[in-house]
Amino acid sequence: MRVLLKATLDTEKSNEVIRSGKMADLMQETLDHIKPEAAYFGTIDGRRTALLFFDMQDSSQMPPIGEPFFMELNAEVDVCPIMNGEDLAKGLSQLG
């Protein structure tokens with residue numbers, strides 16, 4: 001299932017990780033593990049945010065995917081199913 005992971009980073013903790021020089025490696029390790037089809041980074045509501053779009057095969061993947069954000073960055077993490085245009089068209093075709 002295609003999902004969106006939104007990680008909103010704790011400012012104080014992410015500042016610490018950036019100052020230590022570990023942020024780039026942490027993000028690269030995370031991306032290598034998750035293998036998102038798209039990854040975007042910016043600010044939402046004034047906080048550093050990562051948006052990762054990827055295929056989750058099983059809900060048991062949630063801990064190894066989310067925990068690095070929780071443990072290393074004190075992030076708030078949301079994961080929700082999403083659709084692309086083809087998925088939406090397929091779903092809509094099943095209505096009435």
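Read along the sequence, the protein chain runs β-α-α-β-β-α-β-α, a total of four helices and four strands. Helices (H or I, at least four residues) and strands (E, at least two) are DSSP runs, numbered from the N terminus. This is a predicted model, in which local features need pLDDT of at least 70 and side-chain atom pairs count only at pLDDT 80 or more, while totals for chains, interfaces and linings use all residues. Residues are numbered from 1 along each chain as its sequence is written, and side-chain values use heavy atoms, with hydrogens and water left out.

**Overall dimensions and burial**
- The C-alpha trace of the protein chain spans about 55 × 30 × 15 Å along its principal axes.
- Of the 96 residues in the protein chain, 27% are buried (buried is under 20% relative accessible area, exposed over 50%, partly exposed in between; 1.4 Å probe, protein chains only).

**Aromatic pair**
- The count comes to one aromatic pair (rings of Phe, Tyr and Trp, the last by its six-membered ring, with centres within 6.5 Å; planes under 30 degrees apart are stacked, over 60 edge-to-face, the rest tilted).
- Y40 and F53 form this edge-to-face pair, at 6.2 Å centre to centre and 75° between the planes.
- Y40 is in strand β2 (residues 38-44) and F53 in strand β3 (residues 47-55), so the pair ties together parts 13 residues apart in sequence.
- Y40 counts as exposed, at 51% relative accessibility.

**Position of D32**
- D32 lies in helix α2.
- With a relative accessible area of 45%, D32 is partly exposed.
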